[in-house]
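Me: I have a two-chain model open and would like to talk it through with you. Could you start with what you count as a contact?

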Amino acid sequence: MEFDKNSTLKLAKLARLSLNDEQLNSLEKDLTSIVSFIDQLKEINTDKIDPTSNSLNQDLILREDIAENSLSNEDLLKNVPESELGFFVVPKVLE
Amino acid sequence: MLDNLTIEKTSKLLSEKQVSALEITNNYLKKIKDSNKLNCFITVSDEKAIDAAKQTDKRISNNEKIGLLDGVPLAYKDLFCTDGILTTASSKILSNFIPTYESTVTANCKNQGVVVLGKLNCDEFAMGSTNKTSFYGPVINPWKSIGNDEDLVPGGSSGGSAAAVAADLCVASLGTDTGGSIRQPASFTGLVGLKPTYGRVSRWGTVAFASSLDQAGPISKTVEDAAILLETISGHDNKDSTSSLKENELFYSNLNSSVKNLKIGVPKEYMSDDLPEEIQKFWNEGKKILTENGAELVEISLPSTNIALPAYYIIAPAEASSNLSRYDGVKYGLRVKEKSLIEMYESTRSEGFGDEVKRRIMIGTYVLSSGYYDAYYIKAQKIRSIIKNDFDNVFKNVDAIFTPATPNTAFPINREEVDPVQNYLNDIFTVPANLAGLPAISIPFGLDNSGLPIGMQLITNSFEEQTLLNISKNLQDTINFSNQPTQWWA
């Protein structure tokens, strides 16, 4: 896979990154090189093999969904860039 | 008396009342102040450290029984959330983030009375093997080549965690290891670095990189200290859905150094003409020591070694791109103001993330994108099964695997920028253990002709950390590596 400006831009859009021309240029080169490196796996036949999502031989542990006192509203908002009336504030989404 | 302390020594000094925790802490705080050139610390939490030390001293003067870590000054990679202490992951996007909660790992240490000196520099979001990707600048390795003043990398991503211990700016430290980020810097700085079995240590409250691979672990001066810290940080945590239910073990008190009748495998795929002669030399020496001390060496085969790295460079960026989608400027961290929500996301992320992080997010986004998910991510997970199966087969016949930790020693910070794939090859010996979830350790073996440390790696089967530590202790006690960097920075 050769990355060009268009495919790199499309990917940046999906990743929510805005890139300048210099970054795009260097990423095109890097992505092409990295993808050619990982593409060597295409030669490995894995038809009869199950995927391993993590190596721990144990079912995911679930807990009861019980409301507990953890972080207070005040604590949650301590690091917020902008808040009002105890809520997160973001730019207007609907006109 | 106050220099080059280990956890064992510190604890002895304190319980024998030879010195106070406050004196020890102040000595370390002074050394940290004098070490700005190394750039190990992002935050020094001096007030909190002094408070904690005073509390230890109070317990001692009340004749309360204190644990091994009570009053011992440690420092943490800046990836562990610490209540009330800035936690940046070495990224601009978290450069103002002060957690209101404590990671499970550091809470476990806190409960033992640890004195936290501060937070250590690392590669941004733990992505790198040089510590050069940090927003806060590179960490400098305390070690230098003989007769050459050039600054060297400490390795990464836990570069600050390794350099700070090597320069004796803390007794020991905690790091994280996703593809070698504890073992490689430990090897570059002449220290012990342990990555536990996946699931042994809770990931809760640790800034996530690749969730199916990340594990926290100690970087220390001795195997004994690694055992103490592993014992402290491990154990089941119901806040982590992949935390093991296995009973906690007493790694430190069960430590013994016998390797008699153990079978140690040496993988033929790790032998290469490209391996520097001096690393090969210490590898051979290690094999000789193990045999002389009563172990049996067996040549083994891990046939899928060469596909581990490409599989890792699919899985790790995929999980990273997913994990890092939370940094959007809404709830915490950096926000770049824009008129629309999408523009705010894009500007915040573009300004907040560095180049390596962007590169990995892009790769991760690509391999997870519609139409490619099966071809890349699922494929890589299947390769992980093959790799795990290789190890399962080998561990039917051997107790441990013995390899070099890294294919090179510390290199100059200003080395010409290489292609990212070339950089990724730094992880060639360490990545397989992460993919298979196995515990692995790097232990210092000696110095190369330039006077730089070389580490060797041991890997055991899942949850066999005790065997791993025992063999390491045997090697440590036989080799007696006691070299330290010349102090040029103060």
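Reply: Two residues are in contact if their C-beta atoms, placed from the backbone, lie within 7 Å. This is a predicted model, in which local features need pLDDT of at least 70 and side-chain atom pairs count only at pLDDT 80 or more, while totals for chains, interfaces and linings use all residues. Residues are numbered from 1 along each chain as its sequence is written, and chains are lettered from A and ligands numbered from 1 in the order in which they are written.

Me: Fine, so how many residues of chain B are in contact with chain A?

Reply: On the chain B side there are 58 residues, in contact with 42 residues of chain A. Helices α9 (305-323), α10 (341-352), α11 (355-368), α12 (373-394) and α13 (420-424) of chain B each supply at least two residues of that side, helices being DSSP runs of H or I with at least four residues and strands runs of E with at least two, numbered from the N terminus. The largest share, 11 residues, comes from α12(B).

Me: What is the make-up of that side of chain B by class?

Reply: It has 27 nonpolar, 18 polar and 13 charged residues, where Ala, Val, Leu, Ile, Met, Phe, Trp, Tyr, Cys and Pro count as nonpolar, Asp, Glu, Lys and Arg as charged, and the others, Gly among them, as polar.

Me: What are the scores of the model?

Reply: The model scores ipTM 0.96 and pTM 0.97. Chain B averages a pLDDT of 97, and 100% of its residues score at least 70, pLDDT being the predictor's confidence in each residue, from 0 to 100.

Me: Switching to chain A, what pattern does it follow along the sequence?

Reply: Chain A comes to 3 helices and 2 strands, in the pattern α-α-α-β-β. Its radius of gyration is 22 Å, well over the 12 Å that the globule rule gives for 95 residues, so chain A is more spread out than a compact globule; the radius is taken over C-alpha atoms, and the rule is 2.2 Å times the number of residues to the power 0.38. Buried residues make up 17% of the 95 residues in chain A, a residue being buried if 20 or more other C-beta atoms lie within 10 Å of its own, exposed if 12 or fewer, and partly exposed in between, with C-beta atoms placed from the backbone.

Me: Which residues touch the most other members of its largest nonpolar core?

Reply: They are L74(B), L117(B), C170(B) and I314(B), in a core of 154 residues, and α9(B) gives the most to this core, with 11 residues. A nonpolar core here is a set of buried Ala, Val, Leu, Ile, Met, Phe, Trp, Tyr and Cys residues joined through C-beta atoms within 7 Å. Leaving aside neighbours within four places in sequence, L117(B) is in contact with residues including Y28(B), V44(B), L74(B) and C170(B).
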